[in-house]
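Let's take a walk through a protein together. Keep the picture in view as you read, and look up each part as it is mentioned.

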Amino acid sequence: MKITVVGTGYVGLVTGTCLAETGNEVICVDIDENKVKQMQSGEVPIYEPHLDVLFERNIKAGRLTFTTDLHKGLDHGEIIFLALPTPEDEDGSADLRYVLGVAKDIGEYITDYKVIVDKSTVPVGTADRVRETIAEYTSTEFDVVSNPEFLREGFAVDDFLKPERIVIGSSSERAIELMKRLYKPFVRSGNPIIVMDEKSAELTKYASNSFLAAKITFMNEIANYCEKVGADVDHVRRGMGTDSRIGKRFLFPGIGYGGSCFPKDVKALHKSGKDANFEFKILSSVIDINNDQKTVLMPKIESYFKGNLSGKKIALWGLAFKPETDDIREAPSLYMVDKLIAAGANVTAFDPEAMPNVKRKLKDKIDFANGMYETLDGADALLICTEWSIFRTPDFNKIKEKLNNPVIFDGRNLYDVEEMQDQNISYYSIGRKTV
Ligand code: UDX
């Protein structure tokens with residue numbers, strides 16, 4: 001099939017590349033000339049495991065091309081995916097400027113039937129607004145479909161190629177049939193394509209992300225309570241997770257969820273509730289608790305250093321909001337850095353992928369090291385903000401040798417408390433005994 005993807009951010013790029021992988025002819029459109037040039041020369045502009053291999057293969061096969069020319073893209077695709085940014089407005093709602101802007105261009109330009117697919121996470125009612133905007137400018141037949149994505153960063157290619165479900169929101173049989181044909185190769189395993197109306201599809205995405213954010217937040221509160229009463233959240237987590245109604249996943253407490261989706265989507269759903277005169281009480285709590293959770297280790301650090309962090313050097317492992325990505329949007333590490341610097345400490349950080357992004361954002365506010373152990377030279381404490389695999393089994397003797405004080409503040413519960421006790425390392429984690 002002939003596919004056009006407008007917007008080559010994270011979602012657009014993965015969508016375009018994976019759709020080319022099943023033999024479709026895909027044109028990706030972006031207004032950023034440099035980025036388009038970069039992609040034309042075969043360079044993937046984001047870090048995402050496995051994407052580079054598919055990218056190269058499909059470019060070579062001539063199935064995946066890039067352009068800045070929207071009209072060329074609109075001529076090409078029978079199905080036009082909109083994978084445009086929906087940034088957070090000041091009031092927390094999703095800004096639809098880009099989506100509706102392109103909808104207008106589509107209306108002004110198309111001359112034959114197109115299926116316009118909302119792939120971006122957009123508030124309930126956006127498909128209607130896209131439809132109305134296009135219809136204002138054309139009498140050509142078209143359909144608008146809501147087809148939310150559920151890709152996790154770091155697993156996006158796998159999630160796209162083997163989705164647990166595909167959600168299609170549409171009221172047009174013609175569009176539904178086209179979408180089903182497009183996605184058929186991805187659900188050979190028998191996973192469902194769930195067809196519903198546009199609004200329900202739009203809400204499914206927000207409800208899924210908000211539910212997961214609430215699940216994590218619930219565990220973070222349980223963890224904080226465990227510390228008060230001397231329980232161990234690791235035991236509680238295992239005890240709960242084996243109940244299949246609860247499930248093992250997304251029960252890991254830590255220093256809060258971050259990234260480009262959860263924080264934005266929870267706030268956007270909360271705000272759209274307000275706009276509809278509906279108060280999402282649970283989401284207000286999720287937002288508040290997660291804000292506090294990002295710096296929940298700070299009082300522990302302050303109390304360890306008896307309230308005086310001035311001139312202390314903190315080694316920081318992990319800057320990305322989660323492992324296997326270079327994304328630092330809403331990363332808890334950045335909130336910790338702010339607090340540490342405000343308290344007079346110096347920070348030397350290491351992250352396997354995210355350092356260039358942090359350098360661009362923080363300039364010389366913090367120092368960077370070439371490796372995880374290099375951060376420790378002359379440091380007074382080690383702080384862990386992201387659970388990269390490389391941090392899971394470190395050489396504890398090396399850590400003790402290098403640190404001025406053998407102390408670890410672990411925001412991701414990477415180590416066994418007993419092992420830290422045996423190692424004579426002071427160890428502060430989330431929802432477990434401090435040793
Ligand atoms: C998420 C959704 O999973 C995906 O379906 C959606 O389309 C986009 O948003 P992503 O942001 O890539 O994906 O990350 P995810 O792996 O879901 O983790 C989100 C955040 O939750 C991270 O900050 C992670 O550290 C945190 N998290 C996750 C926890 O704190 N505990 C957990 O148990 C799981």
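**Between two domains**

Let's begin with the ligand: domain 1 (2-196) and domain 2 (205-288) both give residues to the shell around the ligand, so the ligand lies between them. Bear in mind as you look that this is a predicted model.

How many residues surround the ligand? There are 19, and E153, F252, Y257, G259 and C261 are the closest. If you sort the shell by residue class, you will find eleven nonpolar, four polar and four charged residues. The element that gives the most to this shell is helix α9 (residues 198-229), with three residues.

Now step back to the whole chain.

What does the UniProt record say about residues 315-417? An unreviewed entry there carries the annotation "domain: UDP-glucose/GDP-mannose dehydrogenase C-terminal" for this span.

Finally, let's look at a pair of helices. Two packed helices are described by the angle between their axes and by the distance between those axes. For helix α5 (residues 97-109) and helix α6 (residues 126-137), the angle is about 35° and the axes are 7 Å apart. Their crossing is right-handed. Helix α5 makes the contact through V99, L100, A103, K104, I106, G107 and E108, while α6 brings residues including T126, R129, V130 and Y137. By class, the residues of this contact are eight nonpolar, three polar and four charged.

Notes: Residues are numbered from 1 along each chain as its sequence is written. This is a predicted model: local features need pLDDT of at least 70, side-chain atom pairs count only at pLDDT 80 or more; totals for chains, interfaces and linings use all residues. UniProt positions are given in the numbering used here, feature names are shortened, and annotations may be inferred rather than shown by experiment. Axes are lines fitted to C-alpha atoms, for helices over the stretch in contact, and angles run from 0 to 180 degrees between N-to-C directions. Helices (H or I, at least four residues) and strands (E, at least two) are DSSP runs, numbered from the N terminus. A crossing is left-handed if the near helix is turned anticlockwise from the far one by less than a right angle, and right-handed if clockwise. Two residues are in contact if their C-beta atoms, placed from the backbone, lie within 7 Å. Ala, Val, Leu, Ile, Met, Phe, Trp, Tyr, Cys and Pro count as nonpolar, Asp, Glu, Lys and Arg as charged, and the others, Gly among them, as polar. A residue is near a molecule or strand if its C-beta atom, placed from the backbone, lies within 6 Å of it. Domain bounds come from an automatic or database domain assignment.
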